[in-house]
Amino acid sequence: MNNFDFTDEQNIGKDYNGFILLKIYDIPKENCKAVFLRHKTTGLEVYHVLKDDKENLFGFNFRTPVKNSKGIPHILEHSTLCGSEKFPLKEPFNTLDNQSVKTYLNALTSPDKTYYPAASMVKSDYFNLFDVYADAVFFPNLTEETFSQEGHRLELDENGKLSIQGVVYNEMKGDYSNFDSVVISAVYNSMFLDSIYSHDSGGDPLEIPNLTYKEFTDYHKEYYKPSNCLLFLWGNIPTSTQLDFFNEKYIYTD
């Protein structure tokens, strides 16, 4: 199986370890090719830019449309990296940030999708990052404590006064206190009325406190699944090596 040539046009439509090679792309500006595959059982899509570059990058990318401005995608982006089944640490993202020799490590929310990219120039470190991120997005420990920490909660201060707190809630309060940010958001949202783009995927501080824990976990079940994921790869680690790793760790056929 490791002799499978992903850049051979004659292999389009053929199967490699459960993944079907669908298309091969020429990328003249980068002087390289890219391959597009889909796992025939789970629906996971893979796009690998086959670049002779020792800095390898992966990114788990999910379509995350919204019907309101409660900030579910943004809160999930934070929460998935707060511990998973295989890595039950409180904040594995911070552990990676401090101990990995990565060249890039991030998670980002956009109006209609959420990205989880990381990169490293060391193969063993790269696959460690890959393992932690894959488990985080597909099998996170989305506890009520995590929801309260990253989303919203009520806190009683030393003077007995109640206030709303939460990592994303406070982050978006800061964003909404910036005039330019508010104006740009208002213009952008008003251009796409009656669509997902009329809402703020990052979360409106006035709406975030209305988000329930059930909505939060149900959203993950609906959108954080292989059939809604594009795995983007870049670099010189062979496609076969990466697909074999993902198959071994995360695709179960029993």
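Is Asp218 buried, exposed or partly exposed? Asp218 is partly exposed, with a relative accessible area of 31%; here buried means under 20% relative accessible area, exposed over 50%, and partly exposed in between, using a 1.4 Å probe and protein chains only. This is a predicted model, so local features need pLDDT of at least 70 and side-chain atom pairs count only at pLDDT 80 or more, while totals for chains, interfaces and linings use all residues. Residues are numbered from 1 along each chain as its sequence is written, and side-chain values use heavy atoms, with hydrogens and water left out.

**Salt bridges**

- Side chains of opposite charge can pair when their charged atoms come close.
- The model has 11 salt bridges, each being a side-chain nitrogen of Lys or Arg within 4 Å of a carboxyl oxygen of Asp or Glu.
- Asp218 pairs with Lys214, with 2.6 Å between the closest N and O atoms.
- These two residues, Asp218 and Lys214, are four residues apart in helix 7 (residues 213-223), and therefore about one helical turn separates them; helices are DSSP runs of H or I with at least four residues, strands are runs of E with at least two, and both are numbered from the N terminus.
- Lys214 is exposed, its relative accessible area being 57%.
- Asp112 forms a salt bridge with Lys113, where the closest N and O atoms are 2.7 Å apart.
- Asp112 counts as buried because its relative accessible area is 19%, whereas Lys113 is partly exposed at 30%.
- Glu155 forms a salt bridge with Arg153, and the closest N and O atoms are 2.8 Å apart.
- Glu155 is partly exposed at 33% relative accessibility, and Arg153 is partly exposed at 30%.

**The largest pocket**

- The largest pocket holds about 320 Å³ of space.
- On a 1 Å grid over the protein atoms alone, a pocket is an open set of points where a 1.4 Å probe fits, with protein on both sides within 12 Å along at least five of seven lines; lining residues have an atom within 4 Å of a point.
- Grid points are joined across faces, edges and corners, and the volume is the space filled by probe spheres set on the points.
- Its lining has 20 residues, and Pro111, Ser185, Asp200, Ser201 and Gly202 lie nearest the centre of the pocket.
- At least two lining residues come from each of helix 1 (72-79), strand 7 (108-109), helix 5 (167-176) and helix 6 (179-190).
- Helix 6 supplies the largest share of this lining, five residues.
- Seven lining residues are nonpolar, nine polar and four charged; Ala, Val, Leu, Ile, Met, Phe, Trp, Tyr, Cys and Pro count as nonpolar, Asp, Glu, Lys and Arg as charged, and the others, Gly among them, as polar.

**Two buried polar residues to look at**

- Asn61 belongs to strand 5 (residues 56-63) and is buried, at 17% relative accessibility.
- A polar atom of the Asn61 side chain lies 2.9 Å from the backbone oxygen of Gly59.
- Leaving out residues up to four places away in sequence, Asn61 touches Thr114, Tyr115, Asn228, Cys229, Leu230 and Phe232, where contact means heavy atoms within 4.5 Å.
- Gln242 sits in helix 8 (residues 239-250) and is buried, with a relative accessible area of 2%.
- Beyond its neighbours within four places in sequence, Gln242 is in contact with His48, Asn56, Tyr126, Phe127, Phe130, Leu233 and Ile237.

Conventions: Polar contact = N/O pair within 3.5 Å; in protein donor to acceptor, adjacent residues only side chain to side chain.
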